[in-house]
Amino acid sequence: MRRRNRTRLIRTVQYGVLVAAVLAFALAADWGELRRAFFDLGVARAQFPEVVVTALVNTVVYTMIGFGFGLALGLLLALMRLSRVPPYRWLAVGYIEFFRGIPALLVFIALGFGVPLAFQVSINQYVTVMLALGLVGAAYMAETIRAGIQAVPKGQTEAARSLGMSQSRAMVSIVIPQAFRIVLPPLANELILLTKDSSLVYLLGLSMDQYELTKFGRDALNQHHSLTPILIAGLFYLALTLPLGHLVRRLEARTARAR
Amino acid sequence: MNRNENDGGGAPEDGGRRGDGGVPEHGAGTSAAIEVTGLHKSFGDLEVLKGIDITVRGGEVVCVIGPSGSGKSTLLRCVNLLEEPTSGTVRVAGFEVTDPEVDIDRVRRRIGMVFQAFNLFPHLTTLGNLTLPQRRVLGRGRAEAEEVARGNLRRVGLTDKESSYPAQLSGGQQQRVAIARALSMGPELMLFDEPTSALDPELVGDVLAVMRRLAQEGMTMLVVTHEMSFAREVADRVVFMDAGAIVEEGPPEQVVGEPQQARTRAFLARVLDPAAADVLEQEPG
Ligand SMILES: Nc1ncnc2c1ncn2[C@@H]1O[C@H](COP(=O)(O)OP(=O)(O)O)[C@@H](O)[C@H]1O
Ligand SMILES: [Mg+2]
(Lines give C-alpha, C1' and ligand atoms only; values in the text may rest on other atoms or scores of the structure.)
(Ligands and ions follow the chains in the order given, each with its own letter.)
Protein backbone atom coordinates (compact mmCIF):
# COMPACT_ATOMS: atom_id res chain seq x y z
CA MET A 1 0.00 0.00 0.00
CA ARG A 2 2.67 2.45 1.02
CA ARG A 3 4.69 1.72 -2.11
CA ARG A 4 1.73 2.45 -4.32
CA ASN A 5 1.20 5.78 -2.54
CA ARG A 6 4.79 6.72 -3.12
CA THR A 7 4.52 5.93 -6.85
CA ARG A 8 1.43 8.09 -7.05
CA LEU A 9 3.14 10.97 -5.26
CA ILE A 10 6.14 10.83 -7.60
CA ARG A 11 3.87 10.88 -10.60
CA THR A 12 1.94 13.87 -9.26
CA VAL A 13 5.17 15.79 -8.75
CA GLN A 14 6.25 15.00 -12.31
CA TYR A 15 3.00 16.29 -13.74
CA GLY A 16 3.22 19.33 -11.49
CA VAL A 17 6.67 20.27 -12.77
CA LEU A 18 5.49 19.85 -16.34
CA VAL A 19 2.44 22.05 -15.86
CA ALA A 20 4.52 24.73 -14.10
CA ALA A 21 7.05 24.76 -16.94
CA VAL A 22 4.34 25.07 -19.59
CA LEU A 23 2.63 27.85 -17.65
CA ALA A 24 5.89 29.75 -17.13
CA PHE A 25 6.64 29.51 -20.83
CA ALA A 26 3.14 30.60 -21.82
CA LEU A 27 3.26 33.63 -19.51
CA ALA A 28 6.83 34.68 -20.25
CA ALA A 29 6.74 34.25 -24.01
CA ASP A 30 5.87 37.17 -26.22
CA TRP A 31 3.25 35.50 -28.36
CA GLY A 32 2.94 38.31 -30.83
CA GLU A 33 6.69 38.31 -31.43
CA LEU A 34 6.80 34.54 -31.77
CA ARG A 35 3.90 34.53 -34.16
CA ARG A 36 5.52 37.14 -36.36
CA ALA A 37 8.77 35.20 -36.43
CA PHE A 38 7.43 31.71 -37.03
CA PHE A 39 3.94 31.97 -38.42
CA ASP A 40 3.87 35.00 -40.64
CA LEU A 41 1.01 34.17 -42.96
CA GLY A 42 2.03 36.70 -45.59
CA VAL A 43 5.55 35.32 -45.73
CA ALA A 44 4.21 31.78 -45.72
CA ARG A 45 1.96 32.49 -48.67
CA ALA A 46 4.83 34.04 -50.56
CA GLN A 47 6.70 30.71 -50.41
CA PHE A 48 4.14 28.89 -52.50
CA PRO A 49 4.13 27.36 -54.97
CA GLU A 50 7.95 27.48 -55.42
CA VAL A 51 8.64 25.78 -52.12
CA VAL A 52 6.81 22.74 -53.48
CA VAL A 53 7.39 22.71 -57.21
CA THR A 54 11.06 23.66 -56.94
CA ALA A 55 12.44 23.12 -53.46
CA LEU A 56 10.58 19.99 -52.36
CA VAL A 57 10.90 18.40 -55.77
CA ASN A 58 14.65 19.09 -55.85
CA THR A 59 15.14 17.70 -52.38
CA VAL A 60 13.41 14.50 -53.51
CA VAL A 61 15.37 14.40 -56.77
CA TYR A 62 18.75 14.95 -55.07
CA THR A 63 17.94 12.33 -52.45
CA MET A 64 16.81 9.77 -55.02
CA ILE A 65 19.79 10.10 -57.35
CA GLY A 66 22.15 9.99 -54.37
CA PHE A 67 20.34 6.98 -52.98
CA GLY A 68 20.24 5.17 -56.32
CA PHE A 69 23.93 5.66 -56.95
CA GLY A 70 24.79 4.86 -53.34
CA LEU A 71 22.71 1.67 -53.42
CA ALA A 72 24.40 0.39 -56.58
CA LEU A 73 27.86 1.26 -55.26
CA GLY A 74 26.96 -0.13 -51.84
CA LEU A 75 25.93 -3.46 -53.35
CA LEU A 76 29.17 -3.60 -55.31
CA LEU A 77 31.18 -2.81 -52.17
CA ALA A 78 29.27 -5.43 -50.17
CA LEU A 79 30.08 -8.08 -52.78
CA MET A 80 33.72 -6.98 -52.82
CA ARG A 81 33.75 -7.12 -49.03
CA LEU A 82 32.63 -10.78 -49.24
CA SER A 83 34.92 -11.66 -52.14
CA ARG A 84 37.35 -14.53 -51.89
CA VAL A 85 39.99 -12.31 -53.50
CA PRO A 86 41.69 -10.45 -50.61
CA PRO A 87 42.58 -7.24 -52.51
CA TYR A 88 38.90 -6.66 -53.25
CA ARG A 89 38.12 -7.05 -49.56
CA TRP A 90 40.87 -4.61 -48.61
CA LEU A 91 39.64 -2.06 -51.15
CA ALA A 92 36.08 -2.32 -49.88
CA VAL A 93 37.11 -2.09 -46.23
CA GLY A 94 39.35 0.90 -46.97
CA TYR A 95 36.57 2.67 -48.83
CA ILE A 96 33.97 1.99 -46.17
CA GLU A 97 36.19 3.08 -43.30
CA PHE A 98 37.25 6.22 -45.16
CA PHE A 99 33.80 7.48 -46.13
CA ARG A 100 32.22 6.58 -42.82
CA GLY A 101 34.94 8.44 -40.97
CA ILE A 102 34.83 11.81 -42.73
CA PRO A 103 32.02 14.41 -42.62
CA ALA A 104 29.66 14.44 -45.60
CA LEU A 105 30.16 18.18 -45.71
CA LEU A 106 33.82 17.65 -46.55
CA VAL A 107 32.87 15.42 -49.47
CA PHE A 108 30.51 18.10 -50.76
CA ILE A 109 33.26 20.72 -50.55
CA ALA A 110 35.77 18.42 -52.23
CA LEU A 111 33.43 17.60 -55.10
CA GLY A 112 31.71 20.95 -55.39
CA PHE A 113 34.80 23.15 -55.19
CA GLY A 114 37.92 21.01 -54.83
CA VAL A 115 37.62 18.93 -58.00
CA PRO A 116 36.53 21.80 -60.29
CA LEU A 117 39.39 24.00 -59.03
CA ALA A 118 42.07 21.36 -59.01
CA PHE A 119 41.24 19.83 -62.39
CA GLN A 120 39.83 22.91 -64.08
CA VAL A 121 36.64 21.09 -64.99
CA SER A 122 33.05 21.96 -64.35
CA ILE A 123 30.76 19.18 -63.21
CA ASN A 124 27.03 19.17 -63.67
CA GLN A 125 25.41 20.05 -60.34
CA TYR A 126 23.24 16.97 -60.38
CA VAL A 127 26.28 14.77 -60.92
CA THR A 128 28.05 16.49 -58.04
CA VAL A 129 25.08 15.90 -55.77
CA MET A 130 24.68 12.30 -56.90
CA LEU A 131 28.36 11.56 -56.28
CA ALA A 132 28.61 13.42 -52.99
CA LEU A 133 25.48 11.90 -51.44
CA GLY A 134 26.06 8.48 -53.04
CA LEU A 135 29.72 8.11 -52.12
CA VAL A 136 28.95 8.63 -48.44
CA GLY A 137 25.68 6.69 -48.46
CA ALA A 138 27.34 3.75 -50.21
CA ALA A 139 29.75 3.27 -47.32
CA TYR A 140 26.88 2.81 -44.87
CA MET A 141 24.70 0.81 -47.23
CA ALA A 142 27.58 -1.54 -48.08
CA GLU A 143 27.84 -2.65 -44.46
CA THR A 144 24.07 -3.02 -44.22
CA ILE A 145 23.84 -5.08 -47.40
CA ARG A 146 26.80 -7.25 -46.41
CA ALA A 147 25.09 -8.06 -43.13
CA GLY A 148 21.91 -8.85 -45.06
CA ILE A 149 23.70 -11.21 -47.43
CA GLN A 150 25.31 -12.98 -44.51
CA ALA A 151 21.96 -13.27 -42.77
CA VAL A 152 20.56 -15.41 -45.60
CA PRO A 153 20.83 -19.01 -44.36
CA LYS A 154 23.64 -21.06 -45.88
CA GLY A 155 21.11 -23.71 -46.87
CA GLN A 156 19.73 -21.33 -49.50
CA THR A 157 23.03 -21.19 -51.36
CA GLU A 158 23.47 -24.93 -50.93
CA ALA A 159 20.04 -25.65 -52.36
CA ALA A 160 20.74 -23.34 -55.30
CA ARG A 161 24.16 -24.85 -55.94
CA SER A 162 22.83 -28.38 -55.68
CA LEU A 163 20.33 -27.51 -58.42
CA GLY A 164 23.26 -26.66 -60.65
CA MET A 165 23.37 -22.89 -60.26
CA SER A 166 26.79 -21.28 -60.35
CA GLN A 167 28.00 -19.26 -57.37
CA SER A 168 27.16 -15.97 -59.05
CA ARG A 169 23.78 -17.19 -60.32
CA ALA A 170 22.86 -18.34 -56.80
CA MET A 171 23.95 -14.95 -55.48
CA VAL A 172 21.88 -12.98 -57.99
CA SER A 173 18.73 -15.13 -58.11
CA ILE A 174 18.51 -16.49 -54.59
CA VAL A 175 20.67 -14.69 -52.02
CA ILE A 176 20.48 -11.02 -53.01
CA PRO A 177 16.66 -10.90 -53.34
CA GLN A 178 16.37 -12.35 -49.84
CA ALA A 179 19.12 -10.11 -48.47
CA PHE A 180 17.28 -7.04 -49.71
CA ARG A 181 14.13 -8.04 -47.89
CA ILE A 182 16.15 -8.39 -44.71
CA VAL A 183 17.83 -4.99 -45.12
CA LEU A 184 14.79 -3.06 -46.31
CA PRO A 185 14.24 -1.37 -42.90
CA PRO A 186 17.85 -0.18 -42.50
CA LEU A 187 17.90 0.91 -46.14
CA ALA A 188 14.75 2.97 -45.64
CA ASN A 189 16.49 4.44 -42.60
CA GLU A 190 19.44 5.35 -44.79
CA LEU A 191 17.00 7.05 -47.15
CA ILE A 192 15.83 9.23 -44.24
CA LEU A 193 19.42 10.17 -43.42
CA LEU A 194 20.10 11.00 -47.08
CA THR A 195 16.97 13.14 -47.27
CA LYS A 196 18.39 15.26 -44.49
CA ASP A 197 21.94 15.17 -45.88
CA SER A 198 20.65 16.48 -49.20
CA SER A 199 20.46 19.84 -47.41
CA LEU A 200 24.24 20.04 -47.70
CA VAL A 201 23.66 20.89 -51.35
CA TYR A 202 22.93 24.40 -50.13
CA LEU A 203 26.60 25.25 -50.00
CA LEU A 204 27.12 24.61 -53.71
CA GLY A 205 26.54 27.50 -56.05
CA LEU A 206 23.07 26.78 -57.32
CA SER A 207 20.75 28.56 -59.70
CA MET A 208 17.26 29.34 -58.37
CA ASP A 209 15.64 26.43 -60.10
CA GLN A 210 18.12 24.08 -58.43
CA TYR A 211 17.29 25.21 -54.89
CA GLU A 212 16.21 22.49 -52.51
CA LEU A 213 14.34 23.01 -49.23
CA THR A 214 17.21 24.22 -47.06
CA LYS A 215 18.71 26.61 -49.59
CA PHE A 216 15.25 27.84 -50.50
CA GLY A 217 14.40 28.51 -46.86
CA ARG A 218 17.72 30.23 -46.23
CA ASP A 219 17.15 32.51 -49.22
CA ALA A 220 13.64 33.41 -48.11
CA LEU A 221 14.91 34.07 -44.60
CA ASN A 222 17.30 36.69 -45.96
CA GLN A 223 14.54 38.22 -47.98
CA HIS A 224 11.78 38.38 -45.34
CA HIS A 225 13.74 38.42 -42.07
CA SER A 226 11.31 35.81 -40.80
CA LEU A 227 11.76 32.28 -39.52
CA THR A 228 8.58 31.23 -41.28
CA PRO A 229 10.34 29.88 -44.40
CA ILE A 230 12.64 27.81 -42.21
CA LEU A 231 9.65 26.42 -40.35
CA ILE A 232 7.99 25.57 -43.65
CA ALA A 233 11.14 23.87 -44.92
CA GLY A 234 11.26 21.86 -41.68
CA LEU A 235 7.64 20.82 -42.09
CA PHE A 236 8.30 19.63 -45.62
CA TYR A 237 11.30 17.58 -44.45
CA LEU A 238 9.02 16.00 -41.86
CA ALA A 239 6.43 15.33 -44.56
CA LEU A 240 9.11 13.20 -46.23
CA THR A 241 10.84 11.63 -43.26
CA LEU A 242 7.89 10.83 -40.99
CA PRO A 243 6.15 8.53 -43.50
CA LEU A 244 9.50 6.90 -44.22
CA GLY A 245 10.02 6.38 -40.50
CA HIS A 246 6.57 4.87 -40.28
CA LEU A 247 7.44 2.59 -43.19
CA VAL A 248 10.64 1.51 -41.43
CA ARG A 249 8.71 0.53 -38.31
CA ARG A 250 6.17 -1.40 -40.36
CA LEU A 251 8.91 -3.21 -42.28
CA GLU A 252 10.66 -4.02 -39.03
CA ALA A 253 7.46 -5.42 -37.59
CA ARG A 254 6.98 -7.52 -40.72
CA THR A 255 10.53 -8.84 -40.49
CA ALA A 256 10.06 -9.63 -36.82
CA ARG A 257 6.86 -11.54 -37.62
CA ALA A 258 8.51 -13.49 -40.45
CA ARG A 259 11.06 -14.95 -38.05
CA MET B 1 21.75 -22.01 -73.40
CA ASN B 2 22.60 -25.63 -73.53
CA ARG B 3 19.71 -27.96 -73.44
CA ASN B 4 20.99 -31.35 -72.55
CA GLU B 5 20.35 -34.40 -74.67
CA ASN B 6 18.35 -36.47 -72.25
CA ASP B 7 17.83 -33.90 -69.59
CA GLY B 8 14.10 -33.67 -70.02
CA GLY B 9 13.60 -36.56 -67.64
CA GLY B 10 11.30 -34.39 -65.57
CA ALA B 11 8.64 -34.52 -68.29
CA PRO B 12 5.50 -35.32 -66.36
CA GLU B 13 3.69 -37.59 -68.76
CA ASP B 14 6.04 -40.53 -68.48
CA GLY B 15 6.56 -39.77 -64.79
CA GLY B 16 4.71 -42.81 -63.57
CA ARG B 17 6.37 -45.32 -65.83
CA ARG B 18 10.03 -44.60 -65.85
CA GLY B 19 10.84 -48.24 -65.43
CA ASP B 20 9.52 -48.87 -68.95
CA GLY B 21 12.00 -46.43 -70.42
CA GLY B 22 15.75 -46.36 -70.53
CA VAL B 23 16.16 -46.47 -66.78
CA PRO B 24 17.02 -49.99 -65.60
CA GLU B 25 14.47 -51.92 -63.62
CA HIS B 26 14.67 -51.56 -59.88
CA GLY B 27 17.76 -53.25 -58.55
CA ALA B 28 18.68 -54.70 -61.93
CA GLY B 29 21.10 -51.92 -62.86
CA THR B 30 24.64 -52.74 -63.79
CA SER B 31 26.21 -49.31 -64.27
CA ALA B 32 27.27 -47.54 -61.10
CA ALA B 33 25.37 -44.29 -60.57
CA ILE B 34 27.52 -43.42 -57.59
CA GLU B 35 30.94 -44.87 -56.92
CA VAL B 36 32.80 -43.63 -53.88
CA THR B 37 36.28 -45.00 -53.19
CA GLY B 38 38.59 -44.31 -50.29
CA LEU B 39 36.74 -41.16 -49.31
CA HIS B 40 38.32 -39.20 -46.48
CA LYS B 41 37.06 -35.90 -45.19
CA SER B 42 38.46 -33.80 -42.38
CA PHE B 43 37.30 -30.50 -40.96
CA GLY B 44 40.54 -29.14 -39.58
CA ASP B 45 41.81 -31.74 -37.16
CA LEU B 46 38.50 -33.56 -37.02
CA GLU B 47 38.45 -36.57 -39.33
CA VAL B 48 34.78 -37.05 -40.17
CA LEU B 49 35.01 -39.67 -42.94
CA LYS B 50 37.70 -42.29 -42.54
CA GLY B 51 37.84 -44.07 -45.85
CA ILE B 52 34.38 -44.73 -47.23
CA ASP B 53 33.74 -47.10 -50.14
CA ILE B 54 30.22 -47.26 -51.43
CA THR B 55 28.60 -48.02 -54.77
CA VAL B 56 25.05 -47.31 -55.82
CA ARG B 57 23.97 -48.89 -59.09
CA GLY B 58 21.45 -47.33 -61.43
CA GLY B 59 17.92 -47.88 -60.16
CA GLU B 60 19.09 -48.95 -56.74
CA VAL B 61 17.84 -47.53 -53.43
CA VAL B 62 20.47 -47.43 -50.71
CA CYS B 63 19.66 -46.26 -47.20
CA VAL B 64 22.36 -44.96 -44.89
CA ILE B 65 21.66 -45.25 -41.19
CA GLY B 66 23.79 -44.45 -38.18
CA PRO B 67 24.02 -42.30 -35.08
CA SER B 68 24.06 -38.54 -35.27
CA GLY B 69 27.51 -37.16 -35.98
CA SER B 70 28.71 -40.33 -37.71
CA GLY B 71 29.29 -38.47 -40.99
CA LYS B 72 26.18 -39.42 -43.00
CA SER B 73 25.42 -35.89 -44.15
CA THR B 74 29.05 -35.26 -44.95
CA LEU B 75 29.12 -38.38 -47.12
CA LEU B 76 26.05 -37.21 -49.03
CA ARG B 77 27.45 -33.72 -49.40
CA CYS B 78 30.71 -35.10 -50.78
CA VAL B 79 28.73 -36.86 -53.52
CA ASN B 80 27.59 -33.57 -55.05
CA LEU B 81 30.64 -31.68 -53.83
CA LEU B 82 28.87 -29.40 -51.38
CA GLU B 83 31.85 -30.55 -49.31
CA GLU B 84 35.24 -30.98 -50.91
CA PRO B 85 36.66 -34.45 -50.11
CA THR B 86 40.07 -34.42 -48.47
CA SER B 87 41.08 -37.48 -50.46
CA GLY B 88 39.52 -40.32 -52.41
CA THR B 89 37.44 -40.31 -55.56
CA VAL B 90 33.75 -39.79 -56.15
CA ARG B 91 32.22 -40.76 -59.49
CA VAL B 92 28.63 -39.74 -60.16
CA ALA B 93 26.62 -40.30 -63.34
CA GLY B 94 29.80 -41.05 -65.24
CA PHE B 95 31.67 -37.95 -64.05
CA GLU B 96 34.53 -37.93 -61.62
CA VAL B 97 33.39 -35.02 -59.48
CA THR B 98 36.66 -34.97 -57.57
CA ASP B 99 38.48 -34.14 -60.81
CA PRO B 100 39.11 -30.38 -60.74
CA GLU B 101 38.63 -30.28 -64.53
CA VAL B 102 35.00 -31.35 -64.24
CA ASP B 103 32.38 -28.59 -64.41
CA ILE B 104 30.59 -29.37 -61.17
CA ASP B 105 27.55 -27.26 -62.04
CA ARG B 106 26.86 -29.53 -65.00
CA VAL B 107 27.09 -32.64 -62.83
CA ARG B 108 24.97 -31.21 -60.03
CA ARG B 109 21.98 -30.65 -62.29
CA ARG B 110 21.88 -34.44 -62.76
CA ILE B 111 21.83 -34.99 -59.00
CA GLY B 112 18.70 -34.10 -57.08
CA MET B 113 19.30 -33.22 -53.44
CA VAL B 114 16.67 -33.04 -50.70
CA PHE B 115 17.66 -31.48 -47.38
CA GLN B 116 16.45 -32.06 -43.87
CA ALA B 117 15.52 -28.36 -43.63
CA PHE B 118 13.75 -28.30 -47.06
CA ASN B 119 15.64 -25.16 -48.11
CA LEU B 120 12.87 -23.89 -50.32
CA PHE B 121 13.40 -20.36 -51.61
CA PRO B 122 11.12 -18.31 -49.36
CA HIS B 123 10.86 -15.35 -51.74
CA LEU B 124 9.37 -17.50 -54.51
CA THR B 125 6.04 -19.27 -54.82
CA THR B 126 5.90 -23.02 -55.15
CA LEU B 127 5.79 -22.65 -58.92
CA GLY B 128 8.67 -20.15 -58.80
CA ASN B 129 10.73 -22.57 -56.73
CA LEU B 130 10.24 -25.21 -59.42
CA THR B 131 10.62 -23.05 -62.51
CA LEU B 132 13.45 -20.66 -61.64
CA PRO B 133 16.17 -23.35 -61.52
CA GLN B 134 14.92 -24.94 -64.74
CA ARG B 135 14.96 -21.63 -66.53
CA ARG B 136 18.26 -20.34 -65.16
CA VAL B 137 20.18 -23.61 -65.25
CA LEU B 138 18.64 -25.60 -68.10
CA GLY B 139 17.58 -22.60 -70.16
CA ARG B 140 14.01 -23.80 -70.50
CA GLY B 141 11.34 -21.30 -71.50
CA ARG B 142 8.61 -20.30 -69.10
CA ALA B 143 5.91 -22.44 -70.68
CA GLU B 144 8.03 -25.59 -70.74
CA ALA B 145 9.31 -25.01 -67.20
CA GLU B 146 5.78 -24.54 -65.89
CA GLU B 147 4.55 -27.65 -67.63
CA VAL B 148 7.35 -29.73 -66.10
CA ALA B 149 6.74 -28.09 -62.73
CA ARG B 150 3.00 -28.82 -62.76
CA GLY B 151 3.65 -32.42 -63.74
CA ASN B 152 5.98 -32.85 -60.79
CA LEU B 153 3.59 -31.11 -58.40
CA ARG B 154 1.05 -33.69 -59.51
CA ARG B 155 3.56 -36.43 -58.69
CA VAL B 156 3.88 -35.17 -55.12
CA GLY B 157 0.16 -34.42 -54.80
CA LEU B 158 0.37 -30.64 -54.47
CA THR B 159 -1.27 -29.27 -57.61
CA ASP B 160 -3.39 -26.88 -55.55
CA LYS B 161 -0.39 -25.22 -53.90
CA GLU B 162 1.43 -23.78 -56.88
CA SER B 163 0.87 -20.15 -55.92
CA SER B 164 1.55 -20.59 -52.20
CA TYR B 165 4.73 -19.32 -50.63
CA PRO B 166 6.78 -21.80 -48.59
CA ALA B 167 5.81 -20.08 -45.32
CA GLN B 168 2.17 -20.89 -46.10
CA LEU B 169 2.86 -24.63 -46.36
CA SER B 170 3.20 -27.29 -43.70
CA GLY B 171 6.58 -28.95 -43.25
CA GLY B 172 5.43 -32.05 -45.08
CA GLN B 173 4.14 -29.98 -47.99
CA GLN B 174 7.37 -27.99 -48.10
CA GLN B 175 9.42 -31.15 -48.29
CA ARG B 176 7.26 -32.52 -51.09
CA VAL B 177 7.71 -29.24 -52.98
CA ALA B 178 11.46 -29.61 -52.43
CA ILE B 179 11.30 -33.10 -53.93
CA ALA B 180 9.27 -31.80 -56.88
CA ARG B 181 11.81 -29.01 -57.34
CA ALA B 182 14.65 -31.50 -57.55
CA LEU B 183 12.66 -33.75 -59.91
CA SER B 184 11.92 -30.83 -62.23
CA MET B 185 15.58 -30.75 -63.18
CA GLY B 186 15.23 -34.30 -64.51
CA PRO B 187 17.92 -35.79 -62.28
CA GLU B 188 19.45 -39.21 -62.85
CA LEU B 189 19.71 -39.83 -59.14
CA MET B 190 18.47 -38.35 -55.89
CA LEU B 191 20.18 -37.73 -52.56
CA PHE B 192 17.97 -37.45 -49.47
CA ASP B 193 19.46 -36.20 -46.20
CA GLU B 194 17.05 -37.13 -43.40
CA PRO B 195 14.09 -35.77 -45.38
CA THR B 196 11.57 -36.48 -42.61
CA SER B 197 13.60 -35.65 -39.51
CA ALA B 198 12.32 -32.09 -39.25
CA LEU B 199 8.67 -33.10 -39.65
CA ASP B 200 5.90 -33.60 -37.14
CA PRO B 201 5.20 -37.35 -36.92
CA GLU B 202 1.83 -37.11 -38.63
CA LEU B 203 3.42 -35.47 -41.71
CA VAL B 204 6.16 -38.06 -42.20
CA GLY B 205 3.92 -40.52 -44.02
CA ASP B 206 3.10 -38.25 -46.98
CA VAL B 207 6.75 -37.59 -47.70
CA LEU B 208 7.71 -41.25 -47.37
CA ALA B 209 4.86 -42.19 -49.71
CA VAL B 210 6.26 -39.87 -52.37
CA MET B 211 9.72 -41.38 -51.90
CA ARG B 212 8.33 -44.89 -52.06
CA ARG B 213 6.65 -44.11 -55.37
CA LEU B 214 9.89 -42.63 -56.72
CA ALA B 215 11.71 -45.80 -55.78
CA GLN B 216 9.09 -47.91 -57.54
CA GLU B 217 9.49 -45.78 -60.64
CA GLY B 218 13.12 -46.79 -60.73
CA MET B 219 14.83 -43.68 -59.42
CA THR B 220 18.35 -44.19 -58.11
CA MET B 221 18.29 -43.04 -54.50
CA LEU B 222 20.82 -42.59 -51.71
CA VAL B 223 18.83 -41.89 -48.58
CA VAL B 224 20.02 -40.98 -45.10
CA THR B 225 17.16 -41.81 -42.78
CA HIS B 226 16.10 -42.91 -39.32
CA GLU B 227 12.87 -44.40 -40.69
CA MET B 228 13.65 -48.07 -40.23
CA SER B 229 10.39 -49.28 -41.73
CA PHE B 230 11.14 -47.29 -44.88
CA ALA B 231 14.65 -48.74 -45.04
CA ARG B 232 13.33 -52.23 -44.49
CA GLU B 233 10.62 -52.02 -47.15
CA VAL B 234 12.14 -49.82 -49.83
CA ALA B 235 15.92 -50.16 -49.68
CA ASP B 236 17.83 -52.63 -51.80
CA ARG B 237 20.73 -52.21 -49.44
CA VAL B 238 21.25 -50.64 -46.05
CA VAL B 239 24.55 -49.16 -44.95
CA PHE B 240 25.26 -48.64 -41.25
CA MET B 241 27.80 -45.93 -40.51
CA ASP B 242 29.44 -45.12 -37.22
CA ALA B 243 32.27 -42.70 -36.41
CA GLY B 244 33.05 -41.94 -40.05
CA ALA B 245 33.29 -45.53 -41.29
CA ILE B 246 30.95 -48.13 -42.73
CA VAL B 247 30.41 -50.77 -40.07
CA GLU B 248 27.96 -53.03 -41.82
CA GLU B 249 26.31 -53.19 -45.22
CA GLY B 250 23.82 -55.53 -46.87
CA PRO B 251 20.20 -56.19 -47.68
CA PRO B 252 17.78 -54.63 -45.19
CA GLU B 253 16.57 -57.94 -43.81
CA GLN B 254 20.14 -58.61 -42.81
CA VAL B 255 21.37 -55.21 -41.56
CA VAL B 256 18.11 -54.15 -39.92
CA GLY B 257 16.71 -57.64 -39.32
CA GLU B 258 19.72 -59.60 -38.10
CA PRO B 259 22.62 -57.17 -37.59
CA GLN B 260 25.98 -58.88 -37.28
CA GLN B 261 27.84 -56.10 -35.49
CA ALA B 262 27.34 -55.13 -31.87
CA ARG B 263 27.42 -51.43 -32.76
CA THR B 264 24.64 -51.91 -35.31
CA ARG B 265 22.57 -53.82 -32.76
CA ALA B 266 23.05 -51.13 -30.15
CA PHE B 267 22.09 -48.40 -32.61
CA LEU B 268 19.01 -50.23 -33.84
CA ALA B 269 17.89 -50.95 -30.32
CA ARG B 270 18.17 -47.27 -29.53
CA VAL B 271 16.23 -46.21 -32.62
CA LEU B 272 13.56 -48.89 -32.52
CA ASP B 273 12.98 -48.94 -28.79
CA PRO B 274 14.60 -46.10 -26.86
CA ALA B 275 13.66 -47.65 -23.51
CA ALA B 276 15.51 -50.89 -24.20
CA ALA B 277 18.65 -49.14 -25.32
CA ASP B 278 20.07 -48.53 -21.87
CA VAL B 279 19.94 -52.19 -21.05
CA LEU B 280 21.65 -53.20 -24.24
CA GLU B 281 24.36 -50.61 -23.93
CA GLN B 282 25.38 -51.83 -20.49
CA GLU B 283 25.77 -55.39 -21.73
CA PRO B 284 29.34 -56.20 -22.59
CA GLY B 285 29.92 -57.23 -26.26
N1 LIG C 1 31.34 -27.68 -41.90
C2 LIG C 1 31.77 -28.37 -40.82
N3 LIG C 1 32.81 -27.91 -40.09
C4 LIG C 1 33.26 -28.58 -39.02
N5 LIG C 1 32.75 -29.76 -38.60
C6 LIG C 1 31.72 -30.27 -39.28
C7 LIG C 1 31.18 -29.62 -40.43
N8 LIG C 1 30.16 -30.37 -40.90
C9 LIG C 1 30.08 -31.44 -40.10
N10 LIG C 1 31.02 -31.40 -39.13
C11 LIG C 1 31.23 -32.40 -38.10
O12 LIG C 1 31.37 -33.65 -38.74
C13 LIG C 1 30.76 -34.66 -37.97
C14 LIG C 1 29.80 -35.43 -38.83
O15 LIG C 1 28.75 -34.58 -39.19
P16 LIG C 1 27.55 -35.05 -40.11
O17 LIG C 1 28.12 -35.55 -41.40
O18 LIG C 1 26.60 -33.94 -40.18
O19 LIG C 1 26.96 -36.27 -39.29
P20 LIG C 1 25.52 -36.92 -39.39
O21 LIG C 1 24.85 -36.41 -40.61
O22 LIG C 1 25.79 -38.39 -39.43
O23 LIG C 1 24.80 -36.56 -38.14
C24 LIG C 1 30.12 -34.00 -36.77
O25 LIG C 1 31.00 -34.16 -35.68
C26 LIG C 1 30.04 -32.57 -37.19
O27 LIG C 1 30.15 -31.74 -36.07
MG1 LIG D 1 23.06 -35.28 -40.80
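**Where the chains meet**

Visitor: How many salt bridges are there across the interface of chain B and chain A?
Guide: The rule finds two salt bridges across that interface, a salt bridge being a side-chain nitrogen of Lys or Arg within 4 Å of a carboxyl oxygen of Asp or Glu. This is a predicted model, in which local features need pLDDT of at least 70 and side-chain atom pairs count only at pLDDT 80 or more, while totals for chains, interfaces and linings use all residues. Residues are numbered from 1 along each chain as its sequence is written, chains are lettered from A and ligands numbered from 1 in the order in which they are written, and side-chain values use heavy atoms, with hydrogens and water left out.

Visitor: Which side chains meet B:D105 in a salt bridge?
Guide: The side chain of A:R161 meets that of B:D105, at 3.2 Å from N to O.

Visitor: And what area is buried between the two chains?
Guide: About 1600 Å² is buried between chain B and chain A, and carbon and sulfur atoms give 60% of that; buried area is the accessible area (1.4 Å probe) that two parts lose on being put together, summed over both. B:D105, together with B:F121 and B:H123, supplies 32% of the area that chain B buries against chain A, more than any other three residues.

Visitor: How many residues are in contact?
Guide: On chain B 21 residues are in contact with 17 residues of chain A, where contact means heavy atoms within 4.5 Å.

Visitor: Changing topic, what about A:E158, is it buried or exposed?
Guide: A:E158 is buried, with a relative accessible area of 14%, whereas A:K154, its salt-bridge partner with closest N and O atoms 3.8 Å apart, is exposed at 61%. Buried here means under 20% relative accessible area, exposed over 50%, and partly exposed in between (1.4 Å probe, protein chains only).

Visitor: Where do those two sit?
Guide: Both lie in helix α8 (residues 154–162) of chain A, four residues apart, which means that about one helical turn separates them; helices (H or I, at least four residues) are DSSP runs, as are strands (E, at least two), numbered from the N terminus.

Visitor: What does B:E162 pair with?
Guide: B:E162 meets B:R150 in a salt bridge at 2.8 Å, N to O. B:E162 lies in the loop between α4 (142–155) and α5 (171–183) of chain B and B:R150 in helix α4, so the pair ties together parts twelve residues apart in sequence. B:R150 counts as partly exposed, at 32% relative accessibility.
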